[in-house]
Amino acid sequence: MGGGERSMLHFPHLHINQGGKSSKQGKRDVPKGYLAIKVGQAEEEQERFIVPVSYFNHPLFIQLLKEAEEVYGFHHKGTITIPCQVEQFRSVQGKIDKHQHQHHLHVPCFRA
C-alpha cells in the first residue's frame with residue numbers, strides 16, 4: 001500500500017479500509033489462513049475485512065453467506081461481499097470471536 005494510501009487496522013482480526021481501491025498488493029496483504037471480504041450494502045460504504053477461514057464454519061457467518069447468495073447470486077465474481085451494514089458485521093464478528101475464544105478455552109491440552 002504505497003502512494004500515500006492509508007490503511008486502518010483493527011484487531012482481533014484485521015480490518016483494512018483502502019478507500020475502495022483494489023490492487024495486486026491487496027492480495028498479498030492477506031495472511032495465510034485468512035480471506036479478504038467486503039462488507040456493506042452500497043459500494044460507496046463497503047469496507048474490506050480480513051477474516052480467518054474458521055469464520056466460514058461458524059453458523060452466524062454461514063447465515064451472512066446465505067444472505068450474500070440471495071442478494072448477489074451463487075456465481076458472484078470477485079471478492080465475497082456481505083450485504084449488511086459495517087457496524088452490524090462488527091457486532092457479528094465480535095460474537096464469532098467470543099464464541100471461538102470460549103471454545104478454545106474449553107479444549108483440553110494433550111500431552112505426549
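How much accessible surface does the protein chain have, and what percentage of this surface belongs to carbon and sulfur atoms? The accessible surface comes to about 8,200 Å², and 55% of this area belongs to carbon and sulfur atoms.

**Figure 1. Overall fold of the protein chain in the predicted model.** Three helices and four strands make up the secondary structure of the protein chain. Their order along the sequence is β-α-β-β-α-β-α. The protein chain has 112 residues, and 29% of them count as buried. Of the contacts between residues at least 6 apart in sequence, 51% join residues at least 24 apart.

**Figure 2. Pairing of strands β2 and β3.** Strand β2 covers residues 34-39 and strand β3 covers residues 47-52. The two strands run antiparallel and are joined by six bridges. Within this pairing, valine 39 has glutamate 47 of β3 as its bridge partner.

**Figure 3. Pairing of strands β2 and β4.** Strand β4 consists of residues 80-82. β2 and β4 run parallel, with three bridges between them. Valine 39, the bridge partner of glutamate 47 in β3, stands opposite isoleucine 82 in β4.

**Figure 4. Confidence along the protein chain, with residues 1-25 and residues 105-112 in view.** The average pLDDT of the protein chain is 74, and 63% of the residues score at least 70. Residues 1-25 have pLDDT below 50, and the model gives this stretch 38 contacts beyond near neighbours in sequence. Over residues 105-112 the pLDDT stays under 50 as well. For residues 105-112 the model has zero contacts beyond four places in sequence.

Methods: Residues numbered from 1 in each chain as written. Predicted model: local features only at pLDDT ≥ 70, side-chain atom pairs only at ≥ 80, totals over all residues. Heavy atoms only, no water. Buried < 20%, exposed > 50% of the residue type's maximum accessible area, 1.4 Å probe, protein only. Contact = heavy atoms within 4.5 Å. Areas by Shrake-Rupley, 256 points an atom, 1.4 Å probe, with all protein chains shown as cover. pLDDT = per-residue confidence, 0-100. Pairing = 2+ DSSP bridges.
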